[in-house]
Amino acid sequence: MLTETDKLAAITFTIDWDSGVAHHTDRYHGQRINFWRDCFPKAIGSELLNRLPGDRIERRFPAGDIVPAFDPKKAFSISPGQFTTKGPDGTIHPRQGRFYPKGLLRGIANVFPQNVQPFRVIAVDPTEIHVDLNHPLAKAPLQFRAEVIDVMPKPVDRGGTCIDWMETLTDGPGMQTRADGKPTDFFSDDPFRREDETEDAVFYEKPRFVQHLDDRAIAEIRSLYERLLPQHASVLDFMSSWTSHLPEGVSFSQVTGLGMNAEELERNPVLDHRVVQDMNLNPRLPFADRSFDAVVCTASVEYLTQPFLVFEELARVLRPEGVCVMTVSNRWFPPKAIRIWKELHEFERMGLILEYFLSTGKFKELNTYSMRGLPRPETDKYFGSQRFSDPVYAVWGRRISG
């Protein structure tokens, strides 16, 4: 049982919110919460005390309760000269809906060049730039949940860092959705250019029989697929490899894998059918209309150079009500990732994928999901140097009828 002085706790926090475009679920796992020094809103902190593993609390917060309320004074216009266009990787152009570090701004009170906190560009006109320095969740009512996972003895208190857990939970959420319902401009400035423009078949010619995410992140992805994929579904494992991250507890009628390397696909034991195809060279899928109940794509969407055509194809091969799920993390092959992917905040990348879905006009019930803060497995090769498991981000939607 938790008390204020003699216990530590592992607690998973969740916020759910709606943007009008999609429903969003953002989670953060606090590994060693110290009620003696860490910070919570008063109501949450007191409710979490004297709880046992498995206990949950849930509350609805109006806009402005967990994050600062929207302040109209923080939304204003600046001249183009007040936006620094020189960046470490070249010229930066302000684009509608995008986030940038506040340090790029000039002549703004209490903003300094070292400030990396993001602000949003709302609109760009020839003579002025409209910006918003409010938290991206400032206008959003939030459904909050906290689940006690474990309670541990606390050997000693020696001061240390005070963590504001609500600030940690809400650092990033909100950046994955549109500003005022207008499409985010991800697509200026040659966004699909890559560092290595040689044929992908050459890059992927040699099989890579390695996991690209740690085991805990993979388990999180499997759990998500288990929740979203129906029993006995026909599944397309899109941009597949030597292993699929499909849940063992779900029985599928068939699984088709489409990927770049024949040896990797042959090694994959869950595939019933295997197709080798370079989607950047030929974005048309070799399947009939309405062939699949579900499409999953794990840690690969960032390599697509013709995503709008590809998502049209994914919609075409899905049956009505079929689900399409894209999962990503913060690890990829830099030479083959598209340029825009590398420039975006991790939460903005979900917004980019949302724009792919929205561009087709053929998906409904759009969702985003994030999970951060889980401990890195002790068996992982990066265990000694990285404290946290690879974060998991997901975007999904269902095919509309017709």
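Tutor: Helix 7 supplies four residues to the lining of the largest pocket, and that is the largest share from any element. In this predicted model, the elements that give two or more residues to that lining are helix 7 (339–343), strand 5 (86–87), strand 6 (90–91) and strand 7 (99–101). The largest pocket holds about 790 Å³ of space. Its lining is made up of 33 residues, and those nearest the centre of the pocket are D89, I92, R98, R339 and E343. Sorted by class, the lining of the largest pocket has 14 nonpolar, six polar and 13 charged residues.

The second largest pocket comes next, with a volume of about 670 Å³. A set of 34 residues lines this pocket, and H212, M239, S241, A299 and S300 are the closest to its centre. Strand 11 (234–240) and strand 12 (254–259) are the elements that give two or more residues to the lining of the second largest pocket. The lining of the second largest pocket divides by class into 14 nonpolar, 13 polar and seven charged residues.

When the whole structure is searched for cavities of 30 Å³ or more, one is found. The largest cavity has a volume of about 60 Å³. Its lining consists of G97, R120, M175, Q176, T177, R178, T184, F186, E348, G351, L354 and E355. Helix 8 gives the most to this lining, with four residues. By class, the lining of the largest cavity has three nonpolar, five polar and four charged residues.

Helix 8 also has a packing partner. Helix 8 (residues 346–360) packs with helix 6 (residues 307–317) at an angle of about 60 degrees, and their axes are 9 Å apart. That angle makes helix 6 oblique to helix 8, because angles from 65 to 115 degrees would be needed for roughly perpendicular and angles under 35 for roughly parallel. The crossing of helix 6 past helix 8 is right-handed. On the helix 6 side, the residues that meet helix 8 are P307, F308, F311 and E312, and on the helix 8 side they are I353, Y356, F357, S359 and T360. The contact between helix 6 and helix 8 has six nonpolar residues, two polar and one charged.

Note on methods. Residues numbered from 1 in each chain as written. Predicted model: local features only at pLDDT ≥ 70, side-chain atom pairs only at ≥ 80, totals over all residues. Heavy atoms only, no water. Axes fitted to C-alpha atoms, helices over the stretch in contact; angles between N-to-C directions. Parallel < 35°, antiparallel > 145°, perpendicular 65-115°, else oblique. Left-handed = near helix turned anticlockwise from the far one by under 90°. Contact = heavy atoms within 4.5 Å. Nonpolar A, V, L, I, M, F, W, Y, C, P; charged D, E, K, R; others polar. 1 Å grid on protein atoms, 1.4 Å probe; cavity = no way out; pocket = protein on both sides within 12 Å on 5 of 7 lines; lining within 4 Å. Points joined across faces, edges and corners; volume = space filled by probe spheres on them.
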